[in-house]
Amino acid sequence: MSWNRVSVIGAGLIHMGELFEQSYEQMARGAFDAAVGSVDNGFDPTEIDAVFVATQRGTLWGQEGIGGNTIPSAIGLAGVACTRVENACPTGSDAFRVGCMAVASGVHDVVLVIGVEKMRDKSSDEGLLARAAAGHPVYTRGESAPVLFAPFATRHMHEFGTTREMLASVAVKNHHNGVLDPYAHFRNEVTIEQVLAAPPVCSPLHLLDCCPQTDGAAAIVITSPERAADFTDRPVFVAGFGVATDHPYLHEKSTYVGLPATVEASRRAYEMAGISPADVDVAEVHDCFTITEILDIEDLGFVEKGRGGIASIEGQTALDGRIPVNPSGGLLAKGHPIGATGIAQLTECWWQLRGQADERQVAVRNGFALQHNVGGRGSGVSVVNILTTNGP
Amino acid sequence: MTAVVRTRSLDASITAVGVAVPEWRVAVADIDSAWGRSPGRGTLAVCRADEDPLTLAWAAADRALTAAGLSVDAIDGMWWGCTRPPFAEGPSWTTLAATLHLDSTVDGALFAGSTHAGVDALLAAVDAVSAGRVHTALVVTSDALLPATGTGHETSAGAGAAAVVLQSDSGPARLVRSAHRWEPRLDRYRGDREAETRETYDGRLFREQAYLPMLGDVGDALVDDGDPAGRWSVPDPDGRLARALLKRLATPGGAAEDVAAGDRSRLGDLGSAAALVGAAAALGTPGPLHLLASGGGRVSGITVIVDRPVPGAEQVAAALAGGEAVTYTRVLRARGVLSPTGESVEMAVPPGSAMFGRGAGEMLGLLAARCVDCGTLNTPPDVHPTCISCGSTKFDIVPLGRTGTVQTFVVNRTMPSPFEAPLPLVVVDLDDGGRIQLQGGDDGADLAVGAPVHLVLRRYAVERGVPVYGWKVLSAHSRQEITQ
């Protein structure tokens, strides 16, 4: 039996991309309007009594430690309770989990979880690449984002014979899905040959194996199943969630062909939802790099360890495959505005479960959609949320 | 007229030797052509961006200690001579001592100020050993001169290091005599705020009034008691002076042999390291051997009697051979003369900050916290109050081993300044059971999962003007490590 103590009544996002013309606050307003406007029976935003803001990088303002008061005034809710949540790449998905706990505890009634991230107000060199100079002065020096995942590709290829073509098939599929997603950053098809021939970034990953740097925002409105009945006749419930951590240094991993944080986070989420991986109809997973999606589908239990590359190139994760993965285009095509990413994935899950995903709609048989992020130092934190249409 | 030269007898022995030179070789002709000059001959050993006199000093010292078969605990003094220590003022000596795991009570000194610094260090160590103040001394000489761009000096200045272990007991090579003299000569110099060493004002003046007479007089003083002319290791600041000096040093005993001639044409002049690097291979063959050094108007000579091959000497030729050809453009970039325009990414942790204070010793010494309960090696210690394997909180601090195999690796090709691509990052399974993530020390072309590797000291960054050192990973088959 699933947890089902929280319902999603609205969700929405803005068109992801290099939004040079939009401010952080304007992006937030756009996502907020989209979420509020999506509520079936209409919704007065003053019903919201708490906001959780998911923003991973505060360095836009020259200070990492921004607070939760950055958003309420931008969305016309100045004065509301508001807290910023930060948890690396799973920032958005963890803010959602925190919001769910706030509702389930009875402390708050209607909660807005809003993810907003400016990735492109600073140059690449000063943005994600500058990460190479962060952390330990020697032991992590040079560890830009691809370095967190590329070593796993090297090892996965060594142990399982995974090929660059198999990695490329993930990019081909997600770009195809992105073409069908009006909110995606990239809306163009790519071929295996193009992925293989793209400039090298961090061996064995090339440019099209990597997600872009994307600005974006997404928002979701949650409440108790009882209150949800006031707003919608087609409620979606939170079936379960899980968070797990692992050691923060790359040299402390127990394996280089999987991410233990994902395994444990999903185990907890499945247990809370009372389901097994086979019950999941569709999954939005963390594909910051092609190898990451291959690790994810193994670690989440969709395919056997070592078979992720083969499953991908065989089409098992396509829209019409055995387990459709990243119908939205994923981070590779839709983009990865870090704090917004998890909320945008949950929005896609909400649409898929409600049959609102248009051309990219997958077959929903069991009524379960899974959302996943993994990241942080040494990819040491993962969050999994599971939504369902199967009511209490 | 021969000037007064003072000689004195020495009483110490060399018990082991090690040398190190960078892998990069730049053709003198490539430098000449960039400046529109007719092409000269030979090559120069030059530093990569992550090498400097300290990393070379470490490599030579490590080899000498290995050749000596000594535990580092046996060393009770370290003397280092270097024209250009990494800190003109600052913790150069202590940084080197930390990388070598010297005990915190070890004696010694750093000599700098001119290319005479190497022999200053050697003689100071000899005196300490002779006096019984230390029993086993490590003497390191290293240099990577930074010549003024576009000058003739740039076509002769190389980089390298040599280290010897000294003891008072009768060793395979005895230091028996020294000689010295000085004049306040403006030869090659740089002012207090100058980065590059200036070329001599007048090359002919230097040759005729300083180099030949002063080194000739000191050389004569070393042999005037009737020794055969024998073998010589002499400095050659412009690549053409040694030949004239050796002619001058010929005696009725026979022609003087320049033991460093071949290496010098491939490596260039090695500044304060020239005398010992030049003599290192010859320490493998019995017979007398004379070392000359000069700089800042001072000239010293030392006579060594080799009774039997010095441990480490037979690895010298291999350590000085080989190399990777690089262009002058790459050399200028590594030297920092050519640098990209625009912003450079700052290290998140300033080198003067408390975290560096906590981490400096464990970074330089490659230290781990070994769990007392389960033996797991936790690295680095200061961020591991709790064992990652068993949760214990009791540790012994131990140095990690420096050999292992590749668990996994990447080669990063998209790096903001000041990083330079390609930059390999490697997770190494060390043979002692530790595991560590470090940068690769070359382009990573030889890396493969399971391949044997070893760790070398390199300069990770010059951050806010401060050199930051740590360990990097090289393939065990790399040409850079061929002596051990």
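How many residues does the contact take from chain B and from chain A?

A: In this predicted model, the contact takes 33 residues from chain B and 32 residues from chain A. On the side of chain B that touches chain A, helix 11 (354-364), strand 17 (403-412), strand 18 (423-430), strand 19 (435-440) and strand 21 (466-475) of chain B each supply at least two residues, and strand 17 of chain B gives the most, with six residues. As for confidence, the model scores ipTM 0.92 and pTM 0.92, while chain B averages a pLDDT of 93, with 96% of the residues scoring at least 70. Where pLDDT is low, the predicted coordinates should not be read in detail.

Within chain B, the division is into domain 1 (6-335) and domain 2 (401-484), and the C-alpha centres of domain 1 and domain 2 of chain B lie 28 Å apart. Between these domains of chain B, the contact takes 19 residues from domain 1 and 13 residues from domain 2. Helix 2 (53-68), helix 3 (92-99) and helix 9 (316-320) of chain B each supply at least two residues of the domain 1 side, the largest share, six residues, coming from helix 2 of chain B. By class, that side of domain 1 of chain B has seven nonpolar, six polar and six charged residues.

Turning to chain A, nine strands form an open sheet of mixed pairing in the order 3-2-4-7-1-8-11-10-9. Strand 3 (81-85) and strand 9 (282-284) of chain A stand at the edges with a single partner strand each, so one side of each is left without a neighbour in the sheet. From one strand to the next, the twist averages 25 degrees. Strand 2 (residues 50-54) of chain A pairs with strand 3 of chain A in the parallel sense over five bridges, and A:Val53 has A:Arg84, in strand 3 of chain A, as its bridge partner. Helix 2 (residues 91-104) of chain A lies across several strands of chain A, including strand 2, strand 3 and strand 4 (110-117), and runs at about 170 degrees to strand 4 of chain A.

Definitions and conventions
Residues numbered from 1 in each chain as written. Chains lettered and ligands numbered in written order. Predicted model: local features only at pLDDT ≥ 70, side-chain atom pairs only at ≥ 80, totals over all residues. Pairing = 2+ DSSP bridges. Helix = DSSP H or I, 4+ residues; strand = E, 2+ residues; numbered from the N terminus. Axes fitted to C-alpha atoms, helices over the stretch in contact; angles between N-to-C directions. Contact = placed C-beta atoms within 7 Å. pLDDT = per-residue confidence, 0-100. Domains from an automatic or database assignment. Nonpolar A, V, L, I, M, F, W, Y, C, P; charged D, E, K, R; others polar.
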